[in-house]
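Please consider the structure shown below.

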Amino acid sequence: MRGANVVFNLFLSSSRLQKKRAVLTIASIAWGSVSLLLLLAFGQGLRDQLTVANRGMGDGIAVLWASETTKNWQGLPAGRSLHFLPEDSQLLRERVPLLDGAIGEFVTWGTNFTYGKKTVNAQLIGTEAAYGALRNHVPVPGGRFLNTEDINLRRRVVFLGGELAHDLFGNADPVGKQMLINAIPYTVVGVLEKRLQMGTYGGPDKNHAVIPITTFQAQIGRKYLANLVIRAADPKMMKTALEEMRKVFAAKYGFDPEDERAIRNWDTVAGQKVMRNILLGIQGFLGIIGGLTLMIGGVGVANIMYATVKERTREIGVKMALGARPAWITGPLVLEGFAYTVLGGLLGLLFSMAIIIGLGFIPTEGNEALEFLGKPTLSPAVGAIAAGILGVIGLLAAYFPARRAASIDPAQTLRYE
Amino acid sequence: MSVTLERARPQVTDVIAMSRITKVYDTGKIRVEALKGVDLRISAGEFVAIVGPSGSGKSTLMNLVGCLDTPSAGTYLLRNKEVAGLDKNELAKIRNERVGFVFQNFNLLPQITAFENVEMPLLFGGVARKERKERVHALLAKVGLADRMEHRPTELSGGQMQRVAVARALAMNPDIVLADEPTGNLDTSSGGDVMSLFEELWKQGRTMIVITHDAALARRAGRVIEIRDGVIVSDK
């Protein structure tokens with residue numbers, strides 16, 4: 001306790017002597033911290049945005065397409081076309097308990113959407129009410145997605161993608177308005193909220209429109225579904241669920257259960273895992289660059305501490321002669337190095353926060369690069385990583401000079417002038 | 001040689017009892033035998049001058065006596081306590097409590113005031129703030145510098161600096177005051193002041209050990225030890 005008191009007293013008396021140096025050292029650490037924090041924050045922002053975008057299409061879903069058989073099976077030749085029927089979604093829900101959602105999609109291209117004098121050509125989807133939750137079709141407040149009633153009553157209602165709605169209605173609110181789809185009147189019940197979406201099949205969701213599956217069958221009259229969308233209750237079980245799904249369809253449509261290419265699938269769970277790892281890698285890389293920059297600041301601290309020790313060699317010798325323990329010589333030096341590091345780190349944090357808050361005022365609307373990059377985030381994890389790196393650098397920067405100071409031989413330094 | 005051997009009988013009042021002390025500096029390339037078997041006893045209250053030419057081993061002896069360094073061989077009892085084998089912290093404690101150093105070049109810390117310089121050993125000794133203040137005031141008054149308390153060393157004359165150094169050496173009330181050429185950097189009159197101060201301290205019962213070239217200072221000491229090539233050649 002007494003030792004700590006002595007060390008602190010000495011620290012206070014020595015640190016006020018080197019103001020200009022201290023300021024420069026702190027500035028270098030602050031600079032390093034800013035670059036580390038900003039790089040990590042941009043990495044985090046990119047990661048968050050890409051993760052959101054990745055889930056934009058729906059979280060943990062897989063999309064299935066019926067393809068062609070590639071193996072002979074029970075006398076049937078390879079190369080037969082397979083097609084999903086509307087009732088197949090019901091079949092999957094009943095026969096694959098690992099799934100917590102399975103719905104079919106009818107798709108037609110080149111549909112005319114008309115409002116007033118304006119006609120737009122876009123994709124039309126016919127599907128069930130559960131599609132909203134599965135495919136992340138969140139309505140803009142004031143509207144809603146299709147519901148079971150719409151399906152059961154075969155209502156002529158439509159849910160519009162955001163951009164399609166804007167093309168037709170401009171800035172007016174489309175909800176409740178009548179419009180024409182292939183010259184047949186429909187009522188708009190909701191508009192898809194703007195969201196980042198990375199993966200698409202058949203175009204981004206903001207450009208399509210969704211109507212009840214029953215209405216679609218009545219008005220457009222397709223026999224086969226374009227695809228099925230499924231989701232496993234537990235994302236980890238997606239692979240198993242896909243295998244079970246194939247067995248169910250193999251039995252129904254008569255193909256080899258081992259024929260993996262008969263039903264094509266896009267498993268976003270597996271994709272997201274790869275993506276997550278890539279993003280983690282990117283952030284790690286950015287962190288390393290930032291860390292290296294900060295290291296230069298650390299070298300600065302070590303350098304100034306070395307110079308201090310060298311300059312104070314005689315002073316240290318005198319103190320030792322007067323009865324200072326080695327720890328009382330090194331203690332203040334370590335404290336000094338650490339104080340520079342901590343102060344620099346805090347300053348760097350403040351600067352980084354200011355920059356990040358400032359960046360928040362730059363509009364990212366409409367610019368895709370900025371939408372992904374313009375949202376740097378100082379998460380607790382980023383802070384912890386930066387603090388950890390700073391701490392290690394501070395320790396190293398203080399340790400070596402202090403060790404050198406402790407090895408000073410008082411007899412040697414006092415003998416000669 | 002015979003003289004030193006004769007003095008090697010132990011006495012209870014010995015502050016310093018060194019026997020067969022050798023000190024070898026071995027840098028790997030060069031091996032220097034700075035002390036070649038020194039026997040030295042100094043009793044409490046003695047005023048001893050150690051004289052000898054440059055390179056004779058005076059400073060090495062002083063470093064050993066002051067526990068700034070440890071002997072290569074031999075035994076050194078300081079107040080009947082063996083010094084060999086003590087670790088750095090214990091040596092620091094001895095330097096702090098038992099020995100007061102006065103150097104030729106004063107060795108005051110230039111960035112801090114006279115007060116803070118004198119306070120330094122008290123800080124290392126763990127003396128409380130209030131007592132530190134009282135003692136520093138008393139010490140600086142004793143060396144006649146009560147009005148120079150807040151001056152930095154650069155604002156003081158050589159004689160004044162050396163008197164601050166003496167006050168600092170006395171701060172922890174040590175057994176021995178060890179002075180290495182204390183008047184070497186001073187003019188005659190300041191040197192005389194410092195010498196008078198030493199005599200006064202000696203009269204108050206302190207053990208004074210002074211290493212010097214200065215014949216005048218050596219004459220004032222009750223005992224003069226001459227050292228040459230690492231051995232004591234005369235002691236009278």
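This is a predicted model: local features need pLDDT of at least 70, side-chain atom pairs count only at pLDDT 80 or more; totals for chains, interfaces and linings use all residues.

Residues are numbered from 1 along each chain as its sequence is written, and chains are lettered from A and ligands numbered from 1 in the order in which they are written.

The model has an ipTM of 0.86 and a pTM of 0.66. Confidence in each residue is expressed as pLDDT, the predictor's own score from 0 to 100. For chain B the mean pLDDT is 86, with 95% of its residues at 70 or more. Within chain B, helix 5 (residues 129–142) has the highest confidence, at a mean of 92, and helix 1 (residues 2–6) has the lowest, at 44. Residues 1–11 of chain B have a pLDDT below 50, and this stretch has 15 contacts in the model beyond near neighbours in sequence. Two residues are in contact if their C-beta atoms, placed from the backbone, lie within 7 Å.

Chain A contains 14 helices and nine strands. These are DSSP runs numbered from the N terminus, with helices (H or I) of at least four residues and strands (E) of at least two. Of the 417 residues in chain A, 40% are buried; a buried residue has 20 or more other C-beta atoms within 10 Å of its own, with C-beta atoms placed from the backbone. Among contacts in chain A between residues at least 6 apart in sequence, 81% join residues at least 24 apart.

How do helix 11 and helix 13 of chain A cross? The axes of helix 11 (residues 326–359) and helix 13 (residues 380–406) of chain A come within 8 Å and cross at roughly 155°. Such axes are lines fitted to C-alpha atoms, for helices over the stretch in contact, and angles run from 0 to 180 degrees between N-to-C directions. By class, their contact has 14 nonpolar, five polar and no charged residues. Here Ala, Val, Leu, Ile, Met, Phe, Trp, Tyr, Cys and Pro count as nonpolar, Asp, Glu, Lys and Arg as charged, and the others, Gly among them, as polar.

Helix 11 of chain A also packs against helix 9 (residues 268–311) of chain A, at an angle of about 150° and with the axes 10 Å apart. Helix 9 and helix 11 of chain A are therefore roughly antiparallel as well. Gly297(A), Val301(A), Met305(A) and Val309(A) of helix 9 meet residues of helix 11 including Leu333(A), Glu336(A) and Tyr340(A). This contact of helix 9 with helix 11 of chain A has five nonpolar, four polar and one charged residues.

Finally, the two chains meet. Their contact takes 20 residues from chain A and 23 residues from chain B. On the side of chain A that touches chain B, helix 1 (2–15), helix 10 (313–321), helix 11 and helix 14 (410–415) each supply at least two residues. The residues on that side of chain A divide into 12 nonpolar, three polar and five charged.

Conventions
Angles under 35 degrees count as roughly parallel, over 145 as roughly antiparallel, 65 to 115 as roughly perpendicular and the rest as oblique. A residue is buried if 20 or more other C-beta atoms lie within 10 Å of its own, exposed if 12 or fewer, and partly exposed in between; C-beta atoms are placed from the backbone.
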